[in-house]
Structure formats: C-alpha cells, structure tokens
Amino acid sequence: MVQIRALRRVASILTTPRTPEDFLGLVNPLVSSRQLRGVVTKVVRETPDSTTIHFRPGRGWNQHAAGQWARIGVEIDGVRQWRSYSLSAAVGHDPAVTVTAIGFVSTALARDTKVGDVLFLDTPQGDFVLPEHPRPLLMLTAGSGLTPVMSMIRTLVPRRPDADVVLIHSARTRGDALFHDELLELADQFPGLQVRHWFTREEGGRRLDLSGVADLETLCPDWRERAAYACGPTDFLDAATELWQREGADGAVGDAPALTIERFAPVLLDGVGGEGGLVTFEKSDKEVEVGGDVPLLDAGEDCGVVMPSGCRMGICRSCLTPLVAGKVRDLRTGEVHGDEGELIQTCVNAAAGPVHLDI
Amino acid sequence: MTATTNRPTTTPTRVGTVDGAATTIRPKKPILAATGGPAHRPSAAAHLTDADVERLGRELDALRDRIISTRGAKDAAYIRRVIRIQRTLEVVGRATLLLSKKKSAFVAGTAMLSVAKILENMEIGHNVLHGQWDWMRDPDIHSTTWEWDFVTPAAAWKHTHNDLHHTWTNVLGKDKDVGYSTLRMAEDQPWRPFNILNPAINLILAPFFEWGIAIYDLELEAVKDGEKSKDDLKRDLKAVGRKVVRQFTKDYAATPLAAMPFGSGKQALIGTFTANAIRNVWAHSVIFCGHFPDGVDTFTEEEIEGETRGDWYIRQMLGSANISGSKLMHIMTGNLSHQIEHHCFPDLPSNRYAEVAVEMREICQRYGLPYTTGPMPKQVYQAWAKVFRLALPNRPRPLPKNAAHAVNAPVPPRRSALPMVASVG
Ligand SMILES: Cc1cc2nc3c(=O)[nH]c(=O)nc-3n(C[C@H](O)[C@H](O)[C@H](O)COP(=O)(O)OP(=O)(O)OC[C@H]3O[C@@H](n4cnc5c(N)ncnc54)[C@H](O)[C@@H]3O)c2cc1C
Ligand code: FES
C-alpha cells in the first residue's frame, strides 16, 4: 500500500497537472480516486416498471450495511444526474439497486441501463439498518419501499437460524410486486421468514389500511412485540407513524425503536414557495434568477455548478453549502432563515430574495 | 462577480423538475439594457438604428438558446474523445522521448507531445476554463476544478481572461495587458523610442508565450495603480511559483531523468523544450490572429457608454477575427478560429461554433456588418505587419497643401486592434 502510494507520487510528477489515474482511466474507467464509479455487471427486469442493476464498484467503495442507500449518478443527454437508491443486494454480495421508473432519472436508469455501462457512485450511507441484537421483526413496505428491506431479508434470513421476520408488502398487483417469487421461495425454505402480500387490486381496490389496527392484527397478530421497519410512499409512512404513536407501541423494544422508517421523498409543505430571487454561486461565478419554490440544489445544478448532494430530501446533510449573504426558505417548514456563514441544506431550501452561496 | 460568460442573456432558462413540471426561472437580470443605445456607435455599425441593434441582439440570444437547448450526449462524447486522444498522445509522446537517442523517436515523440500540449491548452484547457462544459456537471471536466499544462495557474488566467478581456474586449484603456507597456499594437498608443523593439520583443514572446501570460496574469500594472493589493500579488506569486516548479520538474527534470537509462536524457530535454516552444508559438499565432488582423476594430469608452446587449454583441463581432480552414485546423486552434462566435458566446461548447458561424455570417451580411476572416498565413502576416508598422511612429496623413500650419495637429487615430498579447482567445 505504501509502495503504491510512493509510486503514485513519483508518477504524478510526470503527469502534473493531471493525476496518474487520469491516464490509467484511459484503460480502466474504474480507477479514478476522485470520482467513484461502478461498472454494470447484470441487469434484471423485476416488474414491468422496475429493474435491478448489479454493479462492480471501483476503489473507494465501502461495503453497505443491509438497508443502506447510495447515491447513483448517471449521464442523461450528456448531463450528470444524481439520485439515491437503496441497495437491495445482501451484504457481502456485489451491490445492486432496484429502480422503479416513476420520473426522469429513474425511468432512464430502469429502461436504458446496459451491462458494461459505467455508473457514478457515492459510498453507502443511512441508518435504516438492522438492529444490533436479534429480535422479532416486522417489515412494513409498499411499492419500491421494499428494496432496503429486501437487503435486510436477504442478509438475515439465510444466515441466522434464529431470525424471526414477518414481511407485509403492499403492491398494486401480483405482477407489480418486487421480488415476489424469491420472497415466497425464501419463506418456503426458511421458517424464520413469513411473507404476507397485500395486492390492492385483488382486495377490490382496498388499500392496506393503517389508519386502524384491524389489518395489522389480521396479518401479524403479534405486531406489538416486534421491532418494526417501514418504507414506502409518504402517506403510507405517515399513517404508520401515527398508528404506532397512537397505539403506544412507539416505545423502545430492547435497544431498537419500535418503528423505524425510511422515506424516499421529502415531505415538503404545500405552497410555502415565496418570492425567490437572484442566486449567485460565488466560486463558480454563475448566477441565476429562480422562483421561491425551486431548491437551491436544482438551481445550481441547472446552471452547471457541481453541487454537493446526497439524499436530495433533507436527511443526509451532504448538500450543506455555506451562505455568504441573503435569506433562504426551508421548503419543509416555510421558515425563512439565513445567517452569514450558515450551512444551508440546498436540497430543501429555496431563495427568499437575493442569495449568495460560497460554491 | 457576475458570470460574464452569460453577460448578454436575458432569456429564461428552465430549472429542476420539481413535481414533474419544469419550473421556469425568471430571466436573468440584464446587466446591459435591451433597448436604447450609446451616444454614437462604432463607425462599422453607425448605419444601424437602435431598433436594428435590438433586433440583432434578440436574434443572437435566440441563436445561443437554440444551441444550449440542443447540447447533449453527442457534445459530451466529443469533448471526452478529444481528452482521450490528447492523453494518449501525451503518454505515447513522452514515452517515445525516452528513446529519443534515435532520431526517428525524437521527431515522433516531440511531434506527439507538441500536438498533445496544443490540444491540452487550446481545445481542452481554454474552453473548459471558459465553462463551456460545465453543463455536463462532470467534476473532472469543469471550470472550477480544471488545471492546465501551462505555467500560469488556471485561477489567475480565468480572472484576467474571462472577467477582464472578455468583458472589455478591445476597449482602449480597459482591455489592459502586458502588451501595452511592452508592445505597441494600436495607433492610438503613443509612440516611444523603445517601440522600435516591437518586432524583437514579439519574436521572443512567441516561443515563451506561456511566460508572457503568467506575467500578465500577475497584473503588475494593477498593483502599481493600487487596484490590486501587495498581499494579493504575494499570494499569486506563490501560486505561480508552485506551478512553475511542477511544470519545470515534469518537462525539464523528470522526463530527461527517466530517459537517461536509455541514453536519451539530453535529447528528451531538447524534445520537451521544443514541444513547449512549438505549443507557445502556435498559441501566440492563434491569439494574434484573433484580434490583430486588418479589419478588427478597437473602441473608446464613450462608445460603450450606454451599450445595449445588441451593441455588446456588435463590439465582439467587430473586435474579433476568424481563421478559415479545415476541421483539423479548427480543433488545433481550440476553435478560436471561430473567434467571433467565441467572443459573442464564450461559454458555448467549442464543437458547436462551426454551426453558429454559418448563422453568424448570414446575420452579419444581413445587417451590413464586417465579418473578418482569412486563412492562417494571411492573418498571421497581417498581425506581424502591424507589429512592424507600429514600431515606428504613426505616419502622418497627407495634409492638404495649404494646411502646412496644421502639421503638429494631433493625428486622428486610425482604427486598429489593441494588444491582447496575453489573452489566449
Ligand atoms: C434514501 C432514499 C432511498 C431511495 N431508494 C429508492 C429505491 O430503492 N428505488 C427507487 O426506485 N427509488 C428510490 N428512491 C427514490 C429515488 O431517489 C428518486 O427520487 C426516484 O427514483 C425519482 O427520481 P426521478 O428522477 O425518476 O423522478 P423526478 O423526475 O425527479 O420526479 C418525478 C416525480 O415523482 C415524485 N417522486 C419522487 N420520488 C418518489 C417516490 N419514491 N414515490 C413516489 N413519487 C416520487 C417526485 O416528487 C416527482 O413529483 C430513494 C430515495 C431516497 C431518498
Ligand atoms: S442532499 Fe441530503 S440533506 Fe440535502
């Protein structure tokens, strides 16, 4: 290792102002230490809308914990786009993400990714992870919210004879249900996993009802004894959170909180957008006039500023950018704030008047 | 700290896809008025009315927007291909120099390294530093992270070039540079006996062009005038110092050293020196062709007072000259052969200038504006002719016979270009 570093130092004397990796990248694109990349090794169509993309990450990747997510960058029309995706593979395997086509980036990823493509990556993060000590678990998922839980199940169930997991997964139809057959096989093979699918279409259009306990009691009578994990659309998670609070089940079971949730989309307040203003990106020497409902992150990216970012929904704080001057509005609360030097979460804050950012 | 690269734009751009629908960004506040006009326009544009100029401004804005809205994967692939070719040439060229004891290896290695250095500075470095590829959001091909194979640090050059030269193109007294004190490149500059050295200085400047630029970027004149602090100068000197050490070590120590085991140390040293010199002479020639050939105008500060967006475009058109030639020629000049297009739209991807040029020429024709272009030898000749001509005092214009008493009257300045010696592009 020390030798490699010494060799690199010597080589960089000859490659300055570039790095040796810039030249090695001519033969192996994964070699860049500045930009983590992964090469796609397998693409599996899961449902009509979802695709699992397996990739081999380059140097600098850390193994993920089951339930964590990573930022995936992909080039669409020549422009780098970043989104977060939960890692659906079991720990110890080559990472994979399962993308459901619902918008601009996800559709491109799910439909156009081919084996051999190079993806840009960021290291895994997030604390939607398994409890440290074994305990009975309840997984409550809907739609693409199954992906982080799938990694947990794949990691835990085959390896731990003492696993005790109930999965309640809601999908529109059998055909839309992610990992449907694999889950049934796992449940067949391992007594530690019980799978309860809820197909809204087959229930006559009735959605899994988390406004009361009835459905839960039917599907998993001992739900109160289990540490619960939930991931799915906003209203699904809101209902679950409320239910756990109301039923007093939101106390700690051992060392794990009773309900742990993972959101895929930010909870923005409707209509908080205000006036907006002229945003100046000082170091990048760019400026743009933006509306009051546009996250500063999007505004910067749109004029070509390389903005730091992560979850793009206000949880990871990877996007913190120092404010030089001006006021910003938090799109989650509507609060207008901004002190000089304050670190701004650009993914959930918009301009409230002229804003100068130190980037 | 405004984006001069976006200077004349007022057209709305679209940003972000929040809630599926693109949110429209309100137009960028025009730094320049859209309507009105200066008290008097440069003579080449004097026939245009305010309304004409306004329409021309809108046409060029629309042209720019059209290119921006069609930037995409093909353009990204282009710059990556150029970078790949350049890096391959650089590695293979340098490696070949290790064996340069053999004459053929010396010639091939030096040639490849020269081409690599030219591509690196012109089509890649200059254009990346202009932010032409920022839209890709690739941190490895971005104006804020790029450093080039040139002694002047990218940051210093971006300031003097992007902020000063591109904003004040050919405005006398504003578009300052090293040439002002060392070279006499405009009739309006008073003649001093020292200017007799004009050709000699320029001849030395050419092969050491990068050093001229490094000195220019220190803005010594601004320090003397108190516009730049001593601390800033110290900081810049340190940055140049570090860069110089790295550049020197690479080309004049490490490469020859690596060639020594093959008995090619001395030849490798000559090879890298030659490659740098060839690149310097080439860059110097291209830059001189950009603003000094016949037909290029300079401007007074009154002429830009009240300048509208349309007038700003016109100034860029009148103050720049193109080089005609093959596709390879355009790439080797970093597409600065499309100097007119580059000056109007400094941040459009260079590979698109050729298509902009077709429309630009048509627009110039329609508005009766000159569009200066010519093959490289002709443009270089004209620029050098100016260097020689201005080594001597301005020749007084023939006076009417009965006006002998007016011999000492100030000679009306003839229009000519400003020295932009140290502003690549
Ligand atoms: C921690 C984390 C983990 C994630 N894991 C996954 C994953 O494993 N698989 C996966 O497919 N996606 C996952 N996402 C969502 C993903 O990051 C993108 O938000 C999603 O793919 C939409 O991006 P887009 O560019 O396609 O949509 P855009 O074009 O940006 O948006 C289209 C519309 O869809 C809405 N939208 C965004 N996300 C969702 C959502 N989850 N459900 C419903 N509507 C939404 C947007 O508000 C917008 O209105 C995760 C997000 C986070 C923050
Ligand atoms: S990107 Fe995660 S908090 Fe902003």
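In chain B, the helices α11 (301-304) and α12 (309-318) each supply at least two residues of the lining of the second largest cavity. Helices here are DSSP runs of H or I with at least four residues, strands are runs of E with at least two, and both are numbered from the N terminus. The model is a predicted one, in which local features need pLDDT of at least 70 and side-chain atom pairs count only at pLDDT 80 or more, while totals for chains, interfaces and linings use all residues. Residues are numbered from 1 along each chain as its sequence is written, chains are lettered from A and ligands numbered from 1 in the order in which they are written, and side-chain values use heavy atoms, with hydrogens and water left out.

**Enclosed and open spaces**

A search of the whole structure finds 2 cavities of 30 Å³ or more. On a 1 Å grid over the protein atoms alone, a cavity is a set of points where a 1.4 Å probe fits but cannot get out, whereas a pocket is an open set with protein on both sides within 12 Å along at least five of seven lines, and lining residues have an atom within 4 Å of a point. Grid points are joined across faces, edges and corners, and a volume is the space filled by probe spheres set on the points.

The second largest cavity is lined by Pro42(B), Phe299(B), Glu303(B), Ile304(B), Glu307(B), Asp311(B), Ile314(B) and Arg315(B), and α12(B) provides the largest share of this lining, 3 residues.

The largest cavity has 15 lining residues, of which Arg18(A), Phe23(A), Gln86(B), Glu90(B) and Glu120(B) are the closest to its centre. Two or more lining residues come from each of α1 (2-15) of chain A and α2 (73-97) and α3 (103-129) of chain B.

The second largest pocket is lined by 33 residues, and those closest to its centre are Pro29(A), Arg37(A), Val118(A), Phe120(A) and Arg80(B). The most residues in this pocket lining, 4, come from α2(B).

The table sets out volume and lining class, where Ala, Val, Leu, Ile, Met, Phe, Trp, Tyr, Cys and Pro count as nonpolar, Asp, Glu, Lys and Arg as charged, and the others, Gly among them, as polar.

| Space | Volume | Lining residues by class |
|---|---|---|
| Largest cavity | about 100 Å³ | 6 nonpolar, 3 polar, 6 charged |
| Second largest cavity | about 50 Å³ | 4 nonpolar, no polar, 4 charged |
| Second largest pocket | about 880 Å³ | 13 nonpolar, 4 polar, 16 charged |

**Between the chains**

Contact, meaning heavy atoms within 4.5 Å, joins 48 residues of chain B to 42 residues of chain A. The buried area, which is the accessible area (1.4 Å probe) that two parts lose on being put together, summed over both, is about 3800 Å² between these chains, with 53% given by carbon and sulfur atoms. There are 5 salt bridges between chain B and chain A, a salt bridge being a side-chain nitrogen of Lys or Arg within 4 Å of a carboxyl oxygen of Asp or Glu. Arg18(A) forms a salt bridge with Glu120(B), with the closest N and O atoms 3.9 Å apart, and both residues are among the closest to the centre of the largest cavity.

**Within chain A**

Chain A is divided into domain 1 (16-121), domain 2 (137-263) and domain 3 (277-357), with bounds that come from an automatic or database domain assignment. Domain 1 and domain 3 of chain A bury about 440 Å² between them, 49% of it on carbon and sulfur atoms. On the side of domain 1 of chain A, Trp69(A), Arg71(A) and Trp82(A) lose the most area to domain 3 of chain A, together 69% of what that side buries.
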